[in-house]
There are 2 protein chains.
Amino acid sequence: MPEPSKAEYVVGVDLGGTKILAGIFNTSYDSIGTAKVSTKAQRGVVTVISRIERCIRDAVDEADLNMKQVAGVGIGAPGAVDFGAGTVIFAPNLTGWKDVSLKKELEKQLGVPVFVENDANIAVLGVHVAELKAKPKHVVGIFVGTGIGGGLIINGEPYSGFNHTAGEIGHMVIDINGPKCGCGNRGCFEALASRTAIFQRIKAGVKDGEKTLLTDMLGPSLEDMRSGDLRKAIRRGDKFVSKIIEQTAEYIGIGVSNLVNIVGPEVVVLGGGVMEALSDEMMSVITKTAKDHAMPGTMKGVEIVASKLGDNAGITGAAVLARRQVK
Amino acid sequence: MPEPSKAEYVVGVDLGGTKILAGIFNTSYDSIGTAKVSTKAQRGVVTVISRIERCIRDAVDEADLNMKQVAGVGIGAPGAVDFGAGTVIFAPNLTGWKDVSLKKELEKQLGVPVFVENDANIAVLGVHVAELKAKPKHVVGIFVGTGIGGGLIINGEPYSGFNHTAGEIGHMVIDINGPKCGCGNRGCFEALASRTAIFQRIKAGVKDGEKTLLTDMLGPSLEDMRSGDLRKAIRRGDKFVSKIIEQTAEYIGIGVSNLVNIVGPEVVVLGGGVMEALSDEMMSVITKTAKDHAMPGTMKGVEIVASKLGDNAGITGAAVLARRQVK
């Protein structure tokens, strides 16, 4: 009989367009050490891979452990990922990432098994296992940040479809004549409800003479605005920002209703930076709008919840992915 | 060893709001006898169930067979269906249908096993097995008729989600400020691209003074207009109808793109009465619009096809359902 492995920890990595997060997790999915480095995507693929490696080693060191105690590494990457091959097929926000053998490269550098999946699928897996205790069979995850990402759990497993691109909910058109999206179409979900869209509407309003506390807080050009600033403004009674956020919550509610109608999940979980900062302000409007719009019967018993994992959903899900593969 | 069953045929039933279709099928899914009766939904549940029974017996008789040669019956019903329980949970187009034990009732009357599923799921199953030879793993079916229904094949199996309502694509909002839908919302897919929506746009245009051959063909009030009339008008050079149908094809293309982004299918199959009449006129615009709108990578290798089964998709799928359960 083989001796039980002493490598009882797993590392989860969230590879983003601007930053890389890594966390080392025990068997209960408690994070016992984390690290963060900027991605420096413009420096190209080789640099980013070595920065991922450094971030992983930093997280392990942070927990006073070493790589021999790590059974495996999971990575969530922003784009289409072929899980079986361990390659990133393409990643629009990472310069030059096309058919990159991330698994193979990192395994060479780290000497442990590496597993790669799409970041939104990974995040919803993290929420599913660590927050929902893997109970619901079908889950839709909606992550609202710079853009809007989506991840699906179908029959208890992450689902990515034929081209490994399922869950690209950010480019679901919900307003055919709406504002132009970065992708070239009009009225995509993320052109209406992402942080980028919110900030654009606020800046356009200020230009048109709308009064807001944000200009007192950040100056007239609203530099370095963050989602948390909006929360502060709303709590101090800022009517303009309240209106923009309520409108955004309605858009998200319609997105939720579309996804419930199509996918039929048991739980819809909302996460990402915007939700982390503003869920108290948005959740009741999101839920009401979704229930008003969904077809009769589709919403019965369906839970719409804000994730408590926040920015850690990605690294947690990546850890779950690694743990499932190595055990 | 038990003697092999002599009941080698199965019956498929398509229960619609206005008509009931039944077909008896051999093991190769060739239809060897069909029957059709009107639903008479307004007469209530008991009447409709006895009409289903009569339609089944008529189809069996049409093929010079008897019920002893039937191994099972499959039924596609328009609404939310609990396959396991064999009940129709609700069916908006059938008066009084709420928690109806259709399986149990019909088994009592027919003496053979009965299986019930949602009609759009059944139709996509029919196309998947009889037309696509069950090859693609993930399929989205879009059925454009009076309304728009959708059915999903995920990992090779019909998928209906938590509340048995997945695939309610007709009420996906794609134009938040668009025309009012029967469901109360604005800009649902079926408020833009169903036969009902097409006819409304044509009638509104005629009221506004648009010239069309349809008024010569059907009289000024366009009574008894059918999808086939639109095809005839277009082939005779009717510019107004061409424009309406092109616009409708663009809406359908955007619906396809949304569904490809979200579900990630290998094949999108379009069926229903409108597609049966107008697929030659619409398919190239649908495909182009879908490819223009979908995210890079999501459409790679994805086929968008018009079903050749037409109105028989429902009874064929119901036969497949029955066959899979009894064999």
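Good morning. B:Asp292 is partly exposed, having a relative accessible area of 47%; here buried means under 20% relative accessible area, exposed over 50%, and partly exposed in between, with a 1.4 Å probe and protein chains only. The model is predicted, so local features need pLDDT of at least 70 and side-chain atom pairs count only at pLDDT 80 or more, while totals for chains, interfaces and linings use all residues. Residues are numbered from 1 along each chain as its sequence is written, chains are lettered from A and ligands numbered from 1 in the order in which they are written, and side-chain values use heavy atoms, leaving out hydrogens and water.

I begin with the salt bridges. A salt bridge is a side-chain nitrogen of Lys or Arg within 4 Å of a carboxyl oxygen of Asp or Glu. Over all chains, the structure holds 18 of them.

B:Asp292 pairs with B:Lys288, with the closest N and O atoms 2.8 Å apart. Both residues lie in helix 9 (residues 273-293) of chain B, 4 residues apart, about one turn of the helix. Helices (H or I, at least four residues) and strands (E, at least two) are DSSP runs, numbered from the N terminus. B:Lys288 counts as exposed, at 54% relative accessibility.

Which parts of chain B does the pair B:Glu157 and B:Arg324 tie together? The closest N and O atoms of this salt bridge are 3.8 Å apart. B:Glu157 lies in strand 11 (residues 157-159) and B:Arg324 in helix 10, so the pair joins parts that are 167 residues apart in sequence. B:Glu157 is partly exposed at 45%, and B:Arg324 is partly exposed at 33%.

A further salt bridge joins B:Asp311 to B:Lys19, at 3.5 Å between the closest N and O atoms. B:Asp311 sits in the loop between strand 13 (303-306) and helix 10 (313-326), B:Lys19 in strand 2 (residues 19-25), and 292 residues separate the two.

In chain A, A:Arg235, A:Asp280 and A:Glu281 are linked in a network of salt bridges.

I turn to the cysteines. How many disulfides does the structure hold over all chains? The count is 0, a disulfide being a pair of cysteine sulfur atoms within 2.5 Å. The sulfur of A:Cys183 has its closest cysteine sulfur in A:Cys188, at 3.6 Å, which is too far for a bond. In chain B, the sulfur of B:Cys181 is 3.8 Å from its closest cysteine sulfur, that of B:Cys183, again too far for a bond. A:Cys183 is partly exposed at 31%, whereas B:Cys181 is buried at 8%.
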